[in-house]
Amino acid sequence: MKTELEKCMNGEWYDCHDPVFMEFKATARKQLSQYNNLSYEDKERKSQLLKEMIGSTGTNVSIGTPFICDYGRNIHIGNNVSVNMNCTFVDCNRITIGNNVLIASNVQIYTAAHPIDLAERLTPDWEPGSPHYFCRTFALPVTIENGCWIGGGVIILPGVVIGKGSVIGAGSVVTKAIPPNSLAVGNPCKVIRTINQTSSHD
């Protein structure tokens, strides 16, 4: 029988109040409290805390404060990545960010979701006081490939892949995959033109 963690990472319905997730959250909250209260100049301690909190990080990675995440452990970041202030990463499943990526302020990345149909969304036979959550939850990974720029206030929904070299305009809501080398904007986010890439950077 699969564990709740295995169900979660497989994109299946899972019990988000299982003790393993409560432990992940408790640890992340302590780490975030420390991280978000460090001074701007304390870059060495910030870098150390990021390595403890985030699943994996490359070189030259910065995440502005305040920063909010669910577990931290499911976030994987490449080299030369800048995440500006006030971003929220709901990393119930894996969030992968490639190399040479810019993420502006107020960006929200969600991996967690619930069924659309109410009958499916509600946990059968749930009663107050139950150790389980009252509604069903699943989580799908999000990937931002190398060389992307995510504009301010963008919302990225579960299961989305943003292709290499793409730019997402400020305020967009990304509901489905964006091809590589695309300028995409709007709610829902749509490609408006192809970007001619001349840089050799990955």
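**Close-up views of the predicted model**

**View 1. Lysine side chains over tyrosine rings.** K43 is placed over the face of Y40, 4.1 Å from the ring centre. The structure shown is a predicted model.

**View 2. The largest pocket and its lining.** The largest pocket holds about 350 Å³ of space. At least two lining residues come from each of α3 (43-53), β2 (61-63) and β5 (81-83). Of the contributing elements, α3 gives the most, with four residues. Sorted by class, the lining of the largest pocket consists of seven nonpolar, seven polar and two charged residues.

**View 3. The stacked pair F21 and Y71.** Seven aromatic pairs are counted in the model. In one of them, the ring centres of F21 and Y71 are 5.9 Å apart and the ring planes meet at 15°, so the pair is classed as stacked, the limit for this class being under 30 degrees. Because F21 belongs to helix α2 (residues 19-36) whereas Y71 lies in the loop between β3 (67-69) and β4 (75-77), the pair ties together parts that are 50 residues apart in sequence. Both F21 and Y71 are buried.

**View 4. The tilted pair Y133 and F134.** Y133 and F134 form an aromatic pair with a centre-to-centre distance of 5.0 Å and an angle of 55° between the planes, a tilted arrangement. Y133 has a relative accessibility of 27% and therefore counts as partly exposed. F134 is likewise partly exposed, because its relative accessible area is 40%.

**View 5. The surroundings of N93.** N93 is located in the loop between β6 (87-90) and β7 (95-97). Its relative accessibility is 2%, so N93 counts as buried, for which the limit is under 20%. Leaving aside residues up to four places away in sequence, N93 touches C8, M9, G11, N74, T111, A139, L140 and P141.

Key: Residues are numbered from 1 along each chain as its sequence is written. This is a predicted model: local features need pLDDT of at least 70, side-chain atom pairs count only at pLDDT 80 or more; totals for chains, interfaces and linings use all residues. Side-chain values use heavy atoms; hydrogens and water are left out. On a 1 Å grid over the protein atoms alone, a cavity is a set of points where a 1.4 Å probe fits but cannot get out, and a pocket is an open set with protein on both sides within 12 Å along at least five of seven lines; lining residues have an atom within 4 Å of a point. Grid points are joined across faces, edges and corners, and a volume is the space filled by probe spheres set on the points. Ala, Val, Leu, Ile, Met, Phe, Trp, Tyr, Cys and Pro count as nonpolar, Asp, Glu, Lys and Arg as charged, and the others, Gly among them, as polar. Rings of Phe, Tyr and Trp (its six-membered ring) pair if their centres lie within 6.5 Å; planes under 30 degrees apart count as stacked, over 60 as edge-to-face and the rest as tilted. Buried means under 20% relative accessible area, exposed over 50%, partly exposed in between (1.4 Å probe, protein chains only). A charge sits over a ring if NZ of Lys or CZ of Arg is within 6 Å of the ring centre and within 35 degrees of the ring normal. Contact means heavy atoms within 4.5 Å.
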